[in-house]
Amino acid sequence: MIEADLTKGVKVNAGVVAKSFRDEIKEKVEAMKQEGLEPPLLVGLLANKDPAARKYAEWTGKACRADGLRYELRTLDDPIDVEAALIDANDDPRVHGIIVYYPIFGQEESFSGASQDDYLRDSVSHKCDVEGLCHLYRTNLYRNVRYLDYPTNNQKCLLPCTALSVVKIIEACPRTYDMTKPVGRKLEGKTVTVINRSEIVGRPLAAMLANDGAVVYSVDINSIYMFKDGRLHPCPDETPESCVRKSSIIVTGVPTKNYKLPTEWINPNSTVVNVASFKNVDEEALLKIPGVVYVPLVGKVTVAMLERNLMRLYEQFHAPHRYLKNAYHNSSTMVSSPWSFRLQAYSAVVLTAILALQILKK
Ligand code: NAD
């Protein structure tokens with residue numbers, strides 16, 4: 001848990017949050033090796049010259065290799081080949097996760113969806129969708145459906161890595177999540193402002209925080225909406241200033257150099273997370289506000305969430321039975337299914353009956 005300083009603001013390196021998740025991955029990879037299993041394989045598809053996408057691909061490979069996961073980057077010269085490469089990877093039983101580096105077609109006209117990139121996002125199999133952005137996971141998030149296999153509830157829906165990283169960072173900050181409350185209510189009573197409403201960052205993040213019980217203002221360049229109790233309300237009378245002044249958690253993701261969130265809007269004891277690759281806030285002024293916790297970068301946790309999602313896909317859809325049996329046996333965090341409870345109860349009855357028969361015979 002990150003500590004606050006009540007006399008001034010504190011700046012937090014998100015690496016401390018990433019470390020615990022990456023350590024857990026390393027432990028699981030080690031356990032697989034003991035079983036003679038190969039670690040999960042993530043395939044990256046890169047078909048653009050965008051330096052940010054190339055950097056992200058490079059980082060992903062480095063982090064995966066450092067933590068013992070397998071990563072294979074497949075570069076394609078022509079964007080038109082991405083769909084075939086994606087279908088190949090979807091159908092390949094050796095592949096456990098797929099990440100496509102966007103933009104590929106950008107906003108180019110498409111007959112298959114709102115854009116060709118949206119169509120590609122929806123074409124990733126949910127069994128390999130490490131980014132949690134395909135139609136199934138997206139719609140489940142917006143409907144607040146957390147599991148794929150109701151009512152057994154053993155298979156969790158995957159969540160988008162960047163938004164999930166912000167949730168994990170907020171969870172680690174003081175005065176945010178109340179872990180004594182039940183799932184879905186841990187942010188009850190909190191107001192959050194998310195300045196960004198893109199498909200990969202602000203929109204899923206606002207939904208996730210609202211699904212955890214917060215009132216969330218979703219601010220973008222043209223409009224403001226409030227997410228509350230699973231519903232989206234337009235807020236024509238609110239301004240970015242009125243939203244931030246009501247909030248104790250503020251997330252900024254404005255992709256421009258000149259944007260600066262006015263620090264006089266920010267309350268003491270707030271949590272401020274900057275997702276953008278630009279500094280959206282004057283750090284020096286912010287850190288003068290008592291009790292503020294400021295997280296300037298989330299990239300390290302995003303990569304940790306990518307690895308965690310890969311491991312989840314592997315365990316839910318690809319792992320051989322013997323690995324799962326041992327993992328379930330060794331891990332206290334895995335949930336036992338109702339079937340395993342039934343099996344245990346059944347075994348107990350049979351054993352008692354055998355014992356009773358033997359006593360009677362004597
Ligand atoms: P995007 O361009 O798709 O979306 C930007 C959003 O910000 C839009 O909703 C837009 O309306 C809003 N916006 C722009 N100017 C605004 C303003 N003045 N006031 C209010 N809202 C405004 O970008 P994106 O993909 O969401 O990325 C946003 C930033 O986050 C980028 O800097 C990107 O590099 C960074 N990012 C970081 C990570 C990570 O893990 N570290 C991951 C994804 C994106």
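In strand 3, Y71 is the bridge partner of L42. The model is predicted, so a caution belongs here: local features need pLDDT of at least 70, side-chain atom pairs count only at pLDDT 80 or more, and totals for chains, interfaces and linings use all residues. Residues are numbered from 1 along each chain as its sequence is written.

Strand 2 (residues 41–46) and strand 3 run parallel and are joined by six bridges. Strands here are DSSP runs of E with at least two residues, helices are runs of H or I with at least four residues, and both are numbered from the N terminus. Two strands count as paired if DSSP finds at least two bridges between them. The pair belongs to an open sheet of three strands in the order 3-2-4, with parallel pairing. Strand 3 (70–75) and strand 4 (97–101) are its edge strands, each pairing on one side only. From one strand to the next, the twist averages 20 degrees. Helix 2 (residues 51–66) packs on this sheet, where it touches strand 2, strand 3 and strand 4, and its direction makes about 155 degrees with that of strand 3. Contact means that the C-beta atoms of two residues, placed from the backbone, lie within 7 Å. Axes are lines fitted to C-alpha atoms, for helices over the stretch in contact, and angles run from 0 to 180 degrees between N-to-C directions.

Eight strands form an open sheet in the order 1-11-10-9-5-6-7-8, with mixed pairing. Strand 1 (10–11) and strand 8 (231–234) each have a single partner strand, so one side of each is left without a neighbour in the sheet. Two of its pairings can be set side by side:

Helix 6 (residues 161–172) lies across strand 9 (249–252), strand 10 (271–274) and strand 11 (293–295), at about 150 degrees to strand 10.

Is strand 6 enclosed or open? Five of its five residues are buried, so strand 6 is largely enclosed by the rest of the structure. Buried means that 20 or more other C-beta atoms, placed from the backbone, lie within 10 Å of a residue's own. On one side are V215, Y217 and V219, and on the other V216 and S218.

P204 sits in helix 7 and is buried too, with 25 other C-beta atoms within 10 Å. Leaving aside neighbours within four places in sequence, P204 is in contact with L141, P160 and A163.

The chain is divided into domain 1 (34–159 + 301–325) and domain 2 (162–299), with bounds from an automatic or database domain assignment. Their C-alpha centres lie 26 Å apart, and the contact takes nine residues from domain 1 and 14 residues from domain 2. Helix 5 (135–142) and helix 10 (299–318) each supply at least two residues of the domain 1 side, and helix 10 gives the most, with four residues.

Finally, the ligand. Of the 23 residues around it, S198, D220, P255, S277 and T302 come nearest; a residue counts as near if its C-beta atom, placed from the backbone, lies within 6 Å.

Key: Buried ≥ 20, exposed ≤ 12 C-beta atoms within 10 Å, placed from the backbone.
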